[in-house]
Amino acid sequence: MNTQEPKKKPSPPSWSTRFLAWFLKEDYYEDVQGDLEEEFQLIAKDGRIVRAKNWYSWQIIRLFKPSMIKKVKPQDSIEKETSMYKNYLKIGLRNLWKYKSSTVINVIGLSTGLAAFVLIALFVKDEFSYDKHHENAEQIYRVTVKNYTRDGDLSRHWAFASAGHATRLKDDYSEITHSVRFFPWAFPDIINGDKKFPGEPVIFAGEDVFDIFSFNFIEGSPETALEDVFSLVLTESSAIKIFGNDWRDQNIVGATVELSARGSTVPFKVTAVMEDMPDQQHFHFDYLAPIRFLENFFSENAMNNVGGNYNWMTFIRVSPGSDIPALEQSANDEFWDKYIGTFQSGAEAKDFYDFKFQPLLDIHLKSKLEGEYETNGSIDQVYIFSIVGILLLLVACVNYMNLATSHYSRRMKEVGVRKVIGAFKSSLIRQFLTESTLITIISFPLCVFLIIWALPYLNHFMEKQLVFNPIMEIELLLPLLGILIGVGVAAGLYPAIFLSRINLVQALKGEQAMNASKWNFRSWLVTFQYIVTIGLIFSIAVIESQMQFIRNSNPGYQRDQVVSLQLQGSFNLETFKNELLAHPDILKASYSSRIPTGRLMDSWGARYFQGDSAIQTSFRLPIVSVDKDFLDTYEIELLAGEQFRDGMETELVRDSTGDGFITTPGYYTINSTAAKAFGFDNPNDIIGTKIAYGPTEGRVVGVMDDINFESMHTEIVPMLIVYRNNYRRLSIKIRSENIRGTLDFIENTYAKFDSESPATYNFVDELFNNQYQKEERLSTMIKVFAVIAILIGCLGLIGMVGFVIETKIKEIGVRKVLGASTQSIWMLVSNRFLLLVGIAFLIALPISYYLMSGWLDEFVYRTNIGVFLIMLPVLLAIALTLIAISYQTIKATRVNPVECLKDE
Amino acid sequence: MKEYQLGEFEEIVLLTVAILHEDAYGVSIKQEIVTRLNRNVSVSALQTALRRLEKKGYLKSNFGEATAIRGGKRKRYFKVTKAGKSALDYTKETRMNLWSAIPNVTYEYARA
């Protein structure tokens, strides 16, 4: 620029001028540009060329405003456009009709892909909507308590708090404006006139409950609902249950019903009726009554207890903007010191307890504490589903792109002719986008149909009440339309750009514009599909193999044909058991406080004696009360020592310890993990050792084999069983023949002893399987969606192979003429695909291996990812490919070479 | 009378066109405003005002000669129409009416 001859006139920047010409109204252009140029020259004359140029461009940019800009579209052009779109639609529909098979493949692929995506989206959206309806949801926290062992390890994290926490926290901290505790007391019978409803779950709640949670009242008001001690709040369904379907006409607010439990009957007044609690809430109550009522039954100590007895679901509401971590910290620093201080043993209470204030909105997806009120969802599951859903949608799009481009050779001449007549690239792109949107629009009704058809199955399976009604719900319809257009554009974009780029001469000559063996974008698309397919197959294989591992694994006890009966009333246990055992099909029976597949909740501190000195243990040692037949009934192996004998339940251990006195019988059997934890590698050595367990002392009489008492998610922990009447369940081993008859017998016998409540029982193997229900569900759902993805992928693959063969049809013809066998042609086609499978394998495997080993880490006892599991997806992918290739190749090689070589 | 409403800048442009009489085109109008009022004007603002005045019927324009410095583009000369003249008169008159209506007391307050 600077080397220009000095005499030459400087000229304004040409791009600015072009910009001006582009946007400025035509009849303004001449004089305005003239003015600008004149002034530019005036400034430039002084030698300030750069300044002049800047000034010139700047003035033009400032001219870019509505009053100066051309009218965008003159009227006649819009008409032209619409008529072109009519033409695109017509051609598009004709093409869809002409290539019916690929249309069907496309429509099926897109509609199932989209339907599966929407179903997953519904599920994910539902999972994320939990507890959001409460007005103050952001300010509500659940008070949970962590317990620590003597060593400072976390032993249990409870979802509930103690009775006295709610009021004390509210009184002590100004940030906490409201607090509420819930307690489900006694499940009383509800009596309305002559109708009796046994064992209804009445929940007693603190008075702040309606200030914290937002429930919708149908009758009555939150202010007055719990004013009186004897008031009862119903929900719509419990109102229907107690008062019948016409409860609204009965004016039930003010009506009296009686609550009866533990021998006393108290009249309660119905003060309000609420709507049923929404499904998207992490707890559901049907009856609420004021907690003050319980003061009649519980001692003041029990109502104000601050340590242990975590049965009180407790929530606080804080003032907006409170610093929760700081609040938690100060509660942990002060609360335990203030209300408990030190234990008798001299240990400080604050070392053993911690508060954790858990945000209400996190509970459903992120909380897995001891004693959750209802089964919560899992954020991992939501993530896994989201990933699968997005993959499905991507696979469907990619599939469409593949198929659409693979048909390009058929459309090449059409594109060529259009170009010759004068079609712009943009109008060609518009045409192909119109066609691909057309496909999505055709897929849409099918997709809606599929969603409506599949939703009940999904709901049933996931125990959800998801609703899909696109006409009613505009908020769901709009994103759906967005997805639809998005998919249309995404799916049409690549073929649109690709086809519009074809070289005109080549297109009309009928040459292959693109060499099929070249590595290009479409190869990446196919590879992507392989990656998804291989990844999903691998994931299914790992999940299935873990589930298989669990189903076949030996938890150390016999769980088949064992019925576990709940004990409700009180009656003579011995007689009951003997009466049952008299039946020929009942083999064994044993009472216990807990059964395998349950949780190990109760535990005391333990010490063991070496000579006269007691050694404190630091590990947690949970206890289960059993009778003498427990090990027999569950066929648990005894490694050392002896079984419990008759009499051991009452016989006192005779040793005197000098200081302590022994009031409870103390014969213990421990598991081998416990023996090792006590320091005895050989179980025989610990037999006879004296152990102090909680307030009692006793001797180890037996060591039993380790069993997976809890699920395989957790490690086998030390445990202790004792022969002591604290029974809550009866486990009955029955013969596999005539199960129905045996169950009837059990029910009838139970009814003789406990006339109040019906017999409630479960099969232990079912309970065992229920422990892994979440995984079972996950694996089934992933299987279903993965199979859909794989099927869509296969459809695409068949289309792709067809395309490759079509582009190579002449090559195949020539080869055949020269004497090539079907086999060698088969090799020719498949080589390329096997390469893609290989690349996909290398990409997919590390990713899915990483993800799945993360999932496996949730299990303590788990399967290994072996060579077979790794090879399986590849072998399957290869097999699927080869089947598709063989089919197409055989079809191609059967054609007489003359057919494909004659035209040129 | 509403139809005679003129914006402040429009008034200046209209007056300048009147001053320049037969020689009013984009560059000259701009320079006249710059020299007389010591006020910087962008091409965009000027053009907008000119076109608006023309639309209102206060100005009319026709193409004049092309010069080399303009890259061969013709000038567009502007002339004040009868309506434009009336608008200027009207504006001036209303201003004068306002001026004369100010009582002397106001200035004393202002001084204080």
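This is a tour of a two-chain predicted model, stop by stop, with a note on what to select each time.

Residues are numbered from 1 along each chain as its sequence is written, while chains are lettered from A and ligands numbered from 1 in the order in which they are written. Because the model is predicted, local features need pLDDT of at least 70 and side-chain atom pairs count only at pLDDT 80 or more, whereas totals for chains, interfaces and linings use all residues.

**Chain A as a whole**

Select chain A and colour it by secondary structure: there are 28 helices and 26 strands, where helices (H or I, at least four residues) and strands (E, at least two) are DSSP runs, numbered from the N terminus. Of its 904 residues, 35% are buried, a residue being buried if 20 or more other C-beta atoms lie within 10 Å of its own, exposed if 12 or fewer, and partly exposed in between, with C-beta atoms placed from the backbone. Two residues are in contact if their C-beta atoms, placed from the backbone, lie within 7 Å; of the contacts in chain A with a separation of 6 or more, 81% come from residues 24 or more positions apart.

**H1 and H3 of chain A**

Next select residues 14–23 of chain A, which form helix H1, together with H3(A); their axes come within 9 Å and cross at roughly 20 degrees. Here axes are lines fitted to C-alpha atoms, for helices over the stretch in contact, and angles run from 0 to 180 degrees between N-to-C directions. H1(A) and H3(A) are therefore roughly parallel, as angles under 35 degrees count as roughly parallel, over 145 as roughly antiparallel, 65 to 115 as roughly perpendicular and the rest as oblique. To see the contact, show Ser16(A), Phe19(A) and Leu20(A) of H1(A) with Tyr56(A), Ser57(A), Ile60(A) and Leu63(A) of H3(A).

**H5 and H24 of chain A**

Move on to helix H5 (residues 100–128) and helix H24 (residues 773–807) of chain A, which pack at an angle of about 155 degrees with their axes 10 Å apart. That angle makes H5(A) roughly antiparallel to H24(A). Where do the two helices meet? On H5(A) the residues include Ile105(A), Gly109(A) and Ala116(A), and on H24(A) they include Phe785(A), Ile792(A) and Gly799(A). By class, this contact of H5(A) with H24(A) has seven nonpolar, six polar and no charged residues, where Ala, Val, Leu, Ile, Met, Phe, Trp, Tyr, Cys and Pro count as nonpolar, Asp, Glu, Lys and Arg as charged, and the others, Gly among them, as polar.

**Leu880 of chain A**

Now centre on Leu880(A), in helix H27 (residues 867–894) of chain A. Leu880(A) is partly exposed, with 19 other C-beta atoms within 10 Å. Leaving aside neighbours within four places in sequence, Leu880(A) is in contact with Cys794(A) and Leu797(A).

**Where the chains touch**

Show both chains: 17 residues of chain A are in contact with 15 residues of chain B. On the chain A side, helix H2 (26–45) and helix H3 (49–63) each give two or more residues, and H2(A) gives the most, with 11 residues. That side has four nonpolar, five polar and eight charged residues.

**Chain B**

Finally, select chain B, whose elements run α-α-α-β-β-α-α from the N terminus on. Buried residues make up 26% of its 112 residues. End at helix H4 (residues 82–101) of chain B, where the count of buried residues among its 20 residues is two.
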